[in-house]
Amino acid sequence: QLKRPNFADFILEKTQKYGIQNSAVSLEVTEHALVETDIAFQQLQRLKSLGFVIAVDDFGTGYSNLAQVQNLPISVLKIDKSFLIPAPGKKVDQQLVIDIKQLADNLNLRVIAEGVEDQTMENFLLETGITRVQGYHYSKPLPEKDFWGWVFNFESSSH
């Protein structure tokens with residue numbers, strides 16, 4: 001979709017049609033999609049300039065290098081779960097997660113950690129200042145029909 005020159009127009013048309021503020025829309029793209037074509041980059045650059053939130057999903061597993069990150073039209077880095085879930089027989093490289101958070105802070109980017117599966121992992125992330133998280137520790141992916149029940153149960157729980 002990002003390769004289509006009218007993608008940004010399409011997204012903008014939908015937000016206007018439904019009265020949604022641009023800043024309320026977050027588009028998650030992979031690193032590969034960001035660097036795949038000039039058209040994709042231009043589409044995302046335009047959307048970001050219009051206030052849309054552009055998030056790099058699975059950051060650190062793709063094609064961009066750290067030098068490129070500062071030039072990408074993004075607002076959010078989503079740390080891939082592979083940085084949080086150790087390979088068998090290995091420990092999580094906590095310093096690497098801390099370094100990614102610091103890089104994001106220096107570039108005024110928000111951070112979301114993916115793949116949070118237990119309280120220990122959540123505690124570590126909170127200690128590093130990462131407060132936006134997602135993962136099975138909170139919920140497995142839900143169909144829309146089950147979402148609101150989960151929200152109301154989550155709000156009344158200790159999380």
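Helices (H or I, at least four residues) and strands (E, at least two) are DSSP runs numbered from the N terminus, and two strands pair if DSSP finds at least two bridges between them. Strands of a sheet pair through backbone hydrogen bonds, either parallel or antiparallel.

Residues are numbered from 1 along each chain as its sequence is written. As the model is predicted, local features need pLDDT of at least 70 and side-chain atom pairs count only at pLDDT 80 or more, while totals for chains, interfaces and linings use all residues; side-chain values use heavy atoms, leaving out hydrogens and water.

Strand β3 (residues 76-79) is joined to the parallel strand β4 (residues 110-113) by four bridges. Here V76 stands opposite R110, and K78 stands opposite I112. On the way to β5, two bridges join β4 to that strand, again running parallel, and I112 stands opposite R132.

## Salt bridges

How many salt bridges does the structure hold? There are seven, each defined as a side-chain nitrogen of Lys or Arg within 4 Å of a carboxyl oxygen of Asp or Glu.

One of them pairs D57 with K78, with the closest N and O atoms 3.8 Å apart. This pair links distant parts of the chain, since D57 is in strand β2 (residues 53-59) and K78 is in strand β3, 21 residues apart. Both D57 and K78 are buried (under 20% relative accessible area; exposed is over 50%, partly exposed in between, with a 1.4 Å probe and protein chains only). In helix α5, K101 and D105 lie four residues apart, about one turn, and form a salt bridge at 2.7 Å. K101 counts as buried because its relative accessibility is 14%, whereas D105, at 40%, is partly exposed. Salt bridges that share partners join E28, D57, K78 and E114 into one network.
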